[in-house]
Amino acid sequence: MTAEYDVAVIGLGAMGSAALAFLSARGVKTIGIDAYFPAHALSSSHGDSRLIRLGYFEDPSYVPLLRRAYQNWRALEARLRSDILTITGVLQIGAPDSKIVTGTRASCAMHGLAHEVLDKAETARRFPAFQLDSDDIAVLDPQGGYLRPEAAVMGYIKLAAEDGAVLHFGERVSAIEPDDGGVTILSAAGRYRARKVIVATGSWIAELAPTLKAHAVPIRQVVAWYQPRDGFATEPHRMPCFLRDEGSDGSYFGFPAIGGDGVKVGRHAHFREPIDPNQPNPVVNDADTALLDGFIAKRVPAAAGLRVNAVTCRYTMLPSEDFLLDFLPGNSNVVVASPCSGHGFKFTSVVGEILADLALDGGTALPTDAFTFAAMDRFIESRKAA
Ligand SMILES: Cc1cc2nc3c(=O)[nH]c(=O)nc-3n(C[C@H](O)[C@H](O)[C@H](O)COP(=O)(O)OP(=O)(O)OC[C@H]3O[C@@H](n4cnc5c(N)ncnc54)[C@H](O)[C@@H]3O)c2cc1C
């Protein structure tokens, strides 16, 4: 007999686990299925830490979603009785006319957000871990900090289970077959029916949503950890998390010494190398470590001790580097969630709520107009025209 559910969530990384928890909390019959086990190394949701910040340089329109995300992270912590979000501040460093600096200031101005603008001397006095060029400035977002991704994913799965969700791990979904009454879900282990399906399969998204094949591109991302040279300067209460705009060399991100491995850094999108999600992550090579070693020695000298770890992870990039949270075109029973582009984790707690709204109510009051297939198509058309 085919088991039947109100909603099935395929993929239990960050977004799927949160969606499953929000759905289950609303009392509907749910199943969550993942090909592996939670927060595994081929997912995009592992590696100890993820940045969160409120003065969003990418676009001020994200700020209302971020406010909701902060509320929902605190609600998750309260229910789990466990720390997920730690405030350290986020320092956003670069030339005064750089994108990160101007974008953060614009977001803060538009939404009246608390922030401080520091010159090189003031940054050195307060945050001695960092080395700025003479003309650089640093914008401190005091609401910024970091999230613990593994704890968040595990936490959402735990809450979903407590609220009655059925969980299947180590089971790969091979196909979804939507029809007018719902969706049939096929895997090697079974066949299920659900009224609605949420596809949140990260770097594999195009396998179950082939319309995204040309647009959702998994790329390789590398991060490395360094033992500090100066343990005082790199402690979380003396060193905020940071973003650093290097102009044509891209942007870098990093965290203070949170755990035993020390200070973690990466360059956003790294070398933008596409990967096959069905192959193991390519190993870290000399070009990867040379890039990150060079950055830390120049920009965060207090942290530039022994490199003790470096790993490959995955981003899934959309053309606009925005998110996609929408029904599959032509089928209101399938919701597709591709909120990565390398900056989605902080939104997990609000994306879960949005996905549950879409599946159960057919829409959401939260602002998602920028994250539809129509918005993605408009962006692609405008790029072609330009
Ligand atoms: C190194 C790195 C640093 C980052 N830094 C930040 C940051 O500082 N701040 C921030 O906000 N964001 C950051 N991001 C982005 C953020 O982590 C991602 O947006 C987010 O983790 C994506 O989660 P997801 O649920 O979409 O994908 P995943 O976590 O990859 O989950 C997808 C899940 O789907 C499962 N799956 C796939 N196919 C199937 C199938 N056919 N059947 C069943 N299950 C399937 C997989 O096993 C996996 O568990 C970073 C990402 C990386 C990689």
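Two strands count as paired if DSSP finds at least two bridges between them. Strands (E, at least two residues) and helices (H or I, at least four) are DSSP runs, numbered from the N terminus. The model shown here is predicted, so local features need pLDDT of at least 70 and side-chain atom pairs count only at pLDDT 80 or more, while totals for chains, interfaces and linings use all residues. Residues are numbered from 1 along each chain as its sequence is written, and side-chain values use heavy atoms, with hydrogens and water left out.

**View 1. Three strands form an open sheet.**
The order is β3-β8-β4, and the pairing is antiparallel. β3 and β4 (85-87) are the edge strands; each has a single partner strand, so one side of each lacks a neighbour in the sheet. On average, neighbouring strands are turned by 30° against each other, direction ignored. Axes here are lines fitted to C-alpha atoms, for helices over the stretch in contact, and angles run from 0 to 180 degrees between N-to-C directions. β4 and β8 (residues 145-147) run antiparallel and are joined by three bridges. Leu85 has Leu147 of β8 as its bridge partner. Helix α2 lies across β3, β4 and β8, at about 120° to β4.

**View 2. The largest nonpolar core has 54 residues.**
Such a core is a set of buried Ala, Val, Leu, Ile, Met, Phe, Trp, Tyr and Cys residues joined through side-chain atoms within 4.5 Å. Buried means under 20% relative accessible area, exposed means over 50%, and partly exposed lies in between (1.4 Å probe, protein chains only). In soluble globular proteins, nonpolar side chains tend to be buried together. Leu23, Trp73, Ile198, Phe347 and Leu355 have the most contacts inside the largest core. Elements that each supply at least two residues include β1 (3-10), α1 (14-25), α2 (63-80) and α8 (348-361). The largest share, eight residues, comes from α2. Another core, of 27 residues, lies apart from this one; Ile33, Ala216, Leu328 and Val336 are among its members.

**View 3. A close-up of Leu23 shows its contacts.**
Contact means heavy atoms within 4.5 Å. Neighbours within four places in sequence are left aside. Leu23 then touches Val7, Val9, Val28, Thr30, Ile198, Ala356, Ala359 and Leu360.

**View 4. Eight strands form an open sheet of mixed pairing.**
The strand order is β6-β7-β5-β14-β15-β16-β13-β17. β6 (116-118) and β17 (307-317) are at the edges, and each pairs on one side only. Neighbouring strands are turned by 20° against each other on average, direction ignored. Strands of a sheet pair through backbone hydrogen bonds, either parallel or antiparallel. β5 and β14 run parallel and are joined by four bridges. Val90 stands opposite Cys241 in β14. Helix α7 (residues 286-299) lies across β13, β14, β15, β16 (262-267) and β17, at about 50° to β13.

**View 5. Helix α3 covers residues 99-111.**
The expected span of a helix is 1.5 Å times one less than its number of residues. For the 13 residues of α3 that gives 18 Å, which agrees with the 18 Å between its end C-alpha atoms. The buried residues of α3 are Ile100, Val101, Gly103, Thr104, Ser107 and Cys108. These buried residues pack against α2, β5 (90-94), β7 (137-141), β14 and β15 (251-259). Just after α3, Gly112 has a positive phi of about 60°.

**View 6. Asn281 lies in the loop between β16 and α7.**
Asn281 counts as buried because its relative accessibility is 16%. Its side chain makes a polar contact with the side chain of Arg314 (2.7 Å). A polar contact is a pair of N or O atoms within 3.5 Å; within protein, one must be able to donate a hydrogen and the other to accept it, and residues adjacent in sequence count only if both atoms are side-chain atoms. The side chain of Asn281 also reaches the backbone oxygen of Ala41 at 3.4 Å. Leaving aside neighbours within four places in sequence, Asn281 is in contact with Ala41, Leu42, Ile275, Thr312, Cys313 and Arg314.

**View 7. His40 sits in the loop between β2 (30-33) and β3 (50-52).**
His40 counts as buried, at 16% relative accessibility.

**View 8. Phe232 is found in the loop between β13 (217-226) and β14 (241-245).**
Phe232 counts as exposed, at 60% relative accessibility. Phe232 and Ala302 are 70 residues apart along the chain, with 9.0 Å between their C-alpha atoms.
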